[in-house]
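Please open the structure in your viewer and keep the selection panel at hand.

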Amino acid sequence: MGDILVVDDEKDIRELISDILEDEGFTTRLAGDSDACIAAINAEPPDLMILDIWLKDSRMDGIDILKATKRDNPDIPVVIISGHGNIEIAVAAVKQGAYDFIEKPFNIDQLLVVIHRAMEASRLRRENASLRNSDVTSAVMVGSSSAFKTLKSQLDKVTKTNGRIMLTGPAGSGKEVAARYIHTHSDRAKGPFVSVNCASIEPERMEEVLFGRETLERGHEPGLLEQAHGGILFFDEVSDMPIGTQSKILRVLVDQQFQRVGGADKVRVDMRVISSTNKDLKAEIAEGRFREELYHRLNVVPISVPALENRREDIPELARHFIEQLNKTQGLPARRLTDEAEALLQTMHWPGNVRQLKNVIERVLILGPSAGRIEARELPDSDNGKRDSGGFSLSSNLATLPLREARELFEREYLMTQINRFGGNISRTASFVGMERSALHRKLKSLNVVTSSKSGARVAEIDEDDD
C-alpha cells in the first residue's frame with residue numbers, strides 16, 4: 001500500500017506505530033534520530049513520514065527535519081506527532097508544509113484516518129500535476145517527410161542522455177511537442193514536465209514564479225523549479241526571460257540549488273533543462289538582451305525544428321491527426337478530407353506553422369456540417385482573396401504582365417509549389433502534374449528552378465546564379 005518512515009526517539013512508540021501500520025498492509029522503516037531519518041530519505045524517499053517534533057539527543061528537531069524534507073523532497077507528506085502539543089507548534093508545523101499534527105497519546109483510528117487522507121491527497125496531487133502537464137500539449141510526433149525523420153532521429157539520440165537541449169524554430173512549429181517527446185521517452189518520464197512560458201510571465205513576477213517564496217504568514221510556497229524536481233523544466237521562448245533573472249538561472253544551472261524569494265535556506269533541485277526560442281540568440285547576445293554564458297549552458301545540444309513549409313508532405317497526415325484528436329477531446333465530427341482539400345492545404349501559406357494548421361482544422365470542424373467529407377471550398381483562402389464557385393481572382397502581379405511572361409511566372413510558381421508539396425520528389429510531382437519526368441526536368445531548367453536541401457528537406461527555389 002505504501003512505504004512509511006516512522007521517526008521517533010522512543011523505541012516503544014515507533015515500534016508500536018510500525019506494528020499498527022504493518023497490520024494495515026503498509027511497509028515501514030524506523031529512525032530514532034535526525035541522522036538516521038535523513039539517511040533513510042536519501043536512500044529511498046518514503047511515500048509518507050510520521051515525524052516526532054522532539055527528538056532527544058538528535059542533531060535536528062522535527063521542525064528542522066520537516067524544513068529539509070520539504071526543501072529537497074516536497075512531494076513527501078509529513079504527519080507531525082508530539083507529546084508536547086500546543087497550538088503554536090501545530091501552526092508552525094503546518095506553515096512549514098506538514099499535512100497534519102497529532103498530539104500524543106494519539107488515537108489509533110485517528111492516526112490511520114490522517115495517514116490514508118495524506119497519502120490519497122499526495123496521490124491526487126501527483127496525478128493532477130501529471131494530467132495538467134500532459135493535457136496541454138501532446139507528445140505524439142506526426143509525420144513521414146525527410147525533414148521530420150531528421151528531427152525525430154535527433155530527438156531519439158538525446159532522450160536517454162541528461163544533456164541540455166536548445167530547440168530552435170519558428171513560432172508554432174512544434175517545439176514544445178518535441179520537448180514533451182524527449183520527456184516521454186527519457187529516464188525521467190515518471191517525473192514532472194514543467195513548462196515555463198517566459199513570454200507570458202510578468203518580468204516583476206518571474207523570480208517568484210520560478211524560485212517560489214517564503215513568508216511568515218504562509219510559510220514556503222514552491223516555485224516551478226521545485227515542481228520540476230526529478231523531471232524536466234522546459235523554458236519556452238527563453239529569449240523573453242528578463243536579463244536579471246537570466247543570471248540567477250545561470251547560477252542554478254551551475255550549483256543545482258537556489259534560494260526562494262524571501263528565504264535563506266538553499267533548495268536543492270535535480271532536473272533536466274530544455275529550452276526553445278524562435279529568435280537568433282547570438283543577435284540577442286550582441287544587443288545585450290541575452291547572457292552569453294547562459295546561452296552556452298543551455299545550448300549544449302542544439303536541435304532545429306523545421307517550419308511547416310519545409311515539411312509540406314506531412315500536412316495531410318497532421319490534418320488527419322488533428323481531426324482524430326479533436327474528435328476524442330472535444331467531440332467534434334470525425335470528417336475526412338477530400339483529395340482536393342488535402343492538396344489545397346499543402347499549397348497554402350502557413351506563417352503560424354503546425355499551430356495554425358490545427359486551428360484551421362478546428363475551425364472547419366466547428367463551423368462545417370456534422371457529416372460528409374471536408375471540401376476544399378470550406379478552407380480559408382490563404383491569400384486573403386475571395387474564392388467562389390465561379391472562378392478565382394487573378395493576382396495583381398499576373399494581371400499586369402503580358403501573356404508570355406504571366407504564363408512563365410505561373411508555371412514557375414505552380415511547379416515550385418507542387419515540388420514543395422511532395423517534399424522535393426520529382427517523380428511524384430511529374431505524376432501529379434501529368435508530365436514525363438524528363439520533360440519536367442527540362443521545364444524546370446528552362447524556368448531556372450532547382451531543388452536544394454533545407455532543414456533536412458528538398459525544396460524548390462529559383463536559381464539566382466543562372467545567367
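The stops below concern charged side chains and aromatic rings in a predicted model.

**Surface patch.** Select Asp12, Glu15, Asp19, Glu22, Asp23, Glu24 and Asp109, which form a negative surface patch. Helix H1, residues 11-23, gives the most to this patch, with five residues. Glu22 has its place in helix H1 and is partly exposed, at a relative accessible area of 42%.

**Aromatic pair.** The whole structure holds four aromatic pairs. For one of them, select Phe211 and Phe258: the ring centres are 5.5 Å apart and the planes stand at 40°, so the pair is tilted. Phe211 belongs to helix H8 (residues 206-211) and Phe258 to strand E11 (residues 257-259), so that the pair links distant parts of the chain, 47 residues apart. Both Phe211 and Phe258 are buried.

**Salt bridges.** The count of salt bridges is 24. Select Lys104 and Asp52, whose side chains meet at 3.4 Å, N to O. Lys104 lies in the loop between strand E5 and helix H5, and Asp52 in strand E3; the pair therefore ties together parts 52 residues apart in sequence. Both Lys104 and Asp52 are buried.

Next, select Glu342 and Arg320, which form a salt bridge at 2.9 Å, N to O. Glu342 is in helix H14 and Arg320 in helix H13, so this pair joins parts that are 22 residues apart in sequence. Glu342 is buried, at 17% relative accessible area, whereas Arg320 is partly exposed, at 45%.

Finally, select Asp8, Glu10, Asp52 and Lys104, which salt bridges with shared partners join into one network.

Terms used
Residues numbered from 1 in each chain as written. Predicted model: local features only at pLDDT ≥ 70, side-chain atom pairs only at ≥ 80, totals over all residues. Heavy atoms only, no water. Patch = residues over 30% accessible without salt bridge, like charges linked within 9 Å, V, L, I, M, F, W, Y side chains within 5 Å. Areas by Shrake-Rupley, 256 points an atom, 1.4 Å probe, with all protein chains shown as cover. Salt bridge = Lys/Arg side-chain N within 4 Å of Asp/Glu carboxyl O. Lys, Arg positive; Asp, Glu negative; His and termini not counted. Charge placed at Lys NZ, Arg CZ, Asp CG, Glu CD. Helix = DSSP H or I, 4+ residues; strand = E, 2+ residues; numbered from the N terminus. Buried < 20%, exposed > 50% of the residue type's maximum accessible area, 1.4 Å probe, protein only. Phe/Tyr/Trp six-rings, centres within 6.5 Å; stacked < 30°, edge-to-face > 60°.
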